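Q: I have a structure open and want to learn how to read it. Can we take it feature by feature?

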Amino acid sequence: MKIADFNIHLPDTSMSPSDWVKSEIQAAGKDIEKRLQLEIGSLMRWDGACNLMLFNSSIVNNLFLTNLSQMLPDKILTFTVLFNFRDENFISELHRLKNAGISFIKLHSYIQKISKSDFNKLASVFSKCEELKIGVCLDASYGTKDILKYDNLKLFLICLRYMENQPVVVLHFGGARVMHFALASLGRDNVYFDLSFSIDYFDNSRILEDLYFSMNKIGFEKFLFGTDRPYISSNDTLRAFNKFSEKFSITKDNQAKVLYGNFITLVDKVS
């Protein structure tokens, strides 16, 4: 089967893993190009498509993204940028990123410390994304003592109020709250769920039963395979997905949708 990976990062893996996110945020353009060059051999073993997560929006321009695309000429390549929604010039920045060629902006509740006080500003961001036809990725990883302070489920609900047509992707499928995310998305054709990291992380837990229920309830066409590499290896993620598919008797047709087909459908919506 062809495979598309919706969630790929390019940190400096020579550093301690605890510093990887920092290295993504501080990366210069030449750093990203160098890191992608090192990953090409591994990525070429995967058929199809990739979505690259870029955490330093200041380096993003049309030439830079074109150079990255040319490094993987046989793949469909899309780009997601961590967005500084607190920038007073956020509207012009969204225009700039759209013109540069990004497909999605990303919001990360923990890294950006997004709380209720930010929701009014984010409503304006979501409205502008809908107008400019920019997709939104919401990080739905969770944990630590701030699990309720930086509530990504509430952020998702705000997003749905203002994003009616452009894609909204729930990264890591919502973890333990996957049922809440899934039920909130009922009747919405523009919501997708990325499976990266979490299938392996929640292996042998009841949460995967909730995930399978959600897939059946809202449709397999709403789920995207992703790895979150290098935070978890591609091989481990694919192994976990195959185990999950076997356990719940997911058909080959539905596996193919999740592994590749749904990514292509999504790309068409943000092209």
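Q: Which side chain does the side chain of Ser-58 contact?
A: This is a predicted model, and that holds for every value below. The side chain of Ser-58 makes a polar contact with the side chain of Asn-56, at 2.6 Å. Ser-58 sits in the loop between strand 2 (49-54) and helix 3 (62-71).

Q: Is Ser-58 buried or exposed?
A: The cut-off for exposed is over 50% relative accessible area. Ser-58 counts as exposed because its relative accessibility is 57%. There is also a link across the sequence. Ser-58 and Phe-83 are 25 residues apart in the chain, and their C-alpha atoms are 10.0 Å apart in space.

Q: How do the strands pair, and in which order?
A: Strands of a sheet pair through backbone hydrogen bonds, either parallel or antiparallel. Here eight strands form an open sheet, ordered 1-2-3-4-5-6-7-8, with parallel pairing. Strand 1 (4-8) and strand 8 (223-224) are the edge strands, and each pairs on one side only.

Q: How many bridges join strand 2 to strand 3?
A: Six bridges join these two strands, which run parallel; strand 3 covers residues 76-82.

Q: What are the bridge counts on either side of strand 5?
A: Strand 4 and strand 5 pair in the parallel sense over five bridges. Phe-104 has Gly-135 in strand 5 as its bridge partner. On the other pairing, strand 5 and strand 6 (residues 168-171) are parallel over four bridges. There, Val-136 stands opposite Val-168 in strand 6.

Q: Which helices carry the chain between these strands?
A: Strand 4, helix 5 (residues 119-132) and strand 5 make a right-handed β-α-β unit. The chain then crosses from strand 5 through helix 6 (residues 152-162) to strand 6, and this β-α-β crossover is right-handed.

Q: Why is strand 5 described as largely enclosed?
A: Five of the five residues of strand 5 (residues 135-139) are buried, so the rest of the structure largely encloses this strand. Now check the faces. In a regular strand the side chains alternate between the two faces of the sheet. In strand 5, Gly-135, Cys-137 and Asp-139 lie on one side, and Val-136 and Leu-138 on the other. Both faces are covered, and all of these residues are buried.

Q: What is the volume of the largest pocket, and which residues are closest to its centre?
A: Rolling a probe the size of a water molecule over the atoms shows where empty space is left. The largest pocket has a volume of about 610 Å³. It has 26 lining residues, and the closest to its centre are His-108, Tyr-110, Asp-139, Ser-141 and Tyr-142. Helix 1 (20-25), strand 4 (104-108) and helix 8 (198-201) are the elements that give two or more residues to this lining. By class, the lining has eleven nonpolar, nine polar and six charged residues.

Q: What lines the second largest pocket?
A: The second largest pocket holds about 200 Å³ of space. Its lining includes His-9, Asp-12, Lys-34, Arg-35 and Pro-230. By class, this lining has four nonpolar, three polar and five charged residues.

Q: Where does Asn-204 lie?
A: Asn-204 lies in the loop between helix 8 and helix 9 (207-218). Asn-204 is not a glycine, yet it has a positive phi of about 70°. Asn-204 is exposed, with a relative accessible area of 64%, whereas Asp-228 is buried, with a value of 8%.

Notes:
Residues are numbered from 1 along each chain as its sequence is written. This is a predicted model: local features need pLDDT of at least 70, side-chain atom pairs count only at pLDDT 80 or more; totals for chains, interfaces and linings use all residues. Side-chain values use heavy atoms; hydrogens and water are left out. On a 1 Å grid over the protein atoms alone, a cavity is a set of points where a 1.4 Å probe fits but cannot get out, and a pocket is an open set with protein on both sides within 12 Å along at least five of seven lines; lining residues have an atom within 4 Å of a point. Grid points are joined across faces, edges and corners, and a volume is the space filled by probe spheres set on the points. Ala, Val, Leu, Ile, Met, Phe, Trp, Tyr, Cys and Pro count as nonpolar, Asp, Glu, Lys and Arg as charged, and the others, Gly among them, as polar. Buried means under 20% relative accessible area, exposed over 50%, partly exposed in between (1.4 Å probe, protein chains only). A polar contact is a pair of N or O atoms within 3.5 Å; within protein, one must be able to donate a hydrogen and the other to accept it, and residues adjacent in sequence count only if both atoms are side-chain atoms. Two strands pair if DSSP finds at least two bridges between them. A crossover is right-handed if, with the strands pointing away from the viewer, the path from the first strand over the helix to the second runs clockwise.
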